[in-house]
Amino acid sequence: MALDFSLSKDLRKLLAFGSGVGLEIGATNLEIAVTRVRPNKVQVLGRLTIENYATRPAAEWGAEYARFLKASGAERLSATVLLPRREVIVRQLALPGVAPKDVEGAIRFQLDTLHPYGEDEVVWDWSPLGYGSVLVGIVLRSTIERYVALFVEAGIVARSFTFSAAAVHAGIRLNGAGH
């Protein structure tokens, strides 16, 4: 959900509530956290490490994930997946003078110069940083498709993919919680 940046900080804090599942893809392990966000705090309801997921049958560790979600009261929630940093190109762009409604077009115009993937199809998104700058994340479409297929095989519903743990930290700071 994108918030309108014209909303006051206090109003944004009041709108921040809900529960979620975060899944971080590590080199050998999956780290999962179930959280509940309220206007004044973020509460971790449970954490799970699935070890050696890549060498185990997806149905096996998928069942472990499902048991964990059920025990955490989150069996109906889909996951936000944090992609490994090594698989994502991240660029900061300065776009001074570009109107907010034209930012995506300006990024799209120079997208091919922002990654080394040549003609390979990519997936990308961006977030505003302020002062006319944006953060752009680019990943090969085949990478996303590989993870989607793996999670489908494991019975894990992935709602979205992200590339920056900073988004989690920013969300925690927005809600006034400590680290």
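Modeller: Rings of Phe, Tyr and Trp (its six-membered ring) count as a pair if their centres lie within 6.5 Å, and the pair is called stacked when the planes are under 30 degrees apart, edge-to-face when they are over 60 and tilted for the rest. The structure, which is a predicted model, holds three aromatic pairs. One of them joins W61 and F151 edge-to-face, with 6.4 Å from centre to centre and 85° between the planes. Because W61 lies in helix 2 (residues 58-71) and F151 in helix 4 (residues 141-154), this pair ties together parts that are 90 residues apart in sequence; helices here are DSSP runs of H or I with at least four residues, numbered from the N terminus. Both W61 and F151 are buried, that is, under 20% relative accessible area with a 1.4 Å probe and protein chains only. F151 also forms a stacked pair with Y147, at 6.3 Å centre to centre and 25° between the planes. Y147 and F151 both lie in helix 4, four residues apart, which is about one turn of the helix, and Y147 is buried. Ring pairs link Y53, W61, Y147 and F151 into a cluster.

Residues are numbered from 1 along each chain as its sequence is written. Local features need pLDDT of at least 70 and side-chain atom pairs count only at pLDDT 80 or more, while totals for chains, interfaces and linings use all residues, and side-chain values use heavy atoms, with hydrogens and water left out.

Terms used:
Helix = DSSP H or I, 4+ residues; strand = E, 2+ residues; numbered from the N terminus. Buried < 20%, exposed > 50% of the residue type's maximum accessible area, 1.4 Å probe, protein only.
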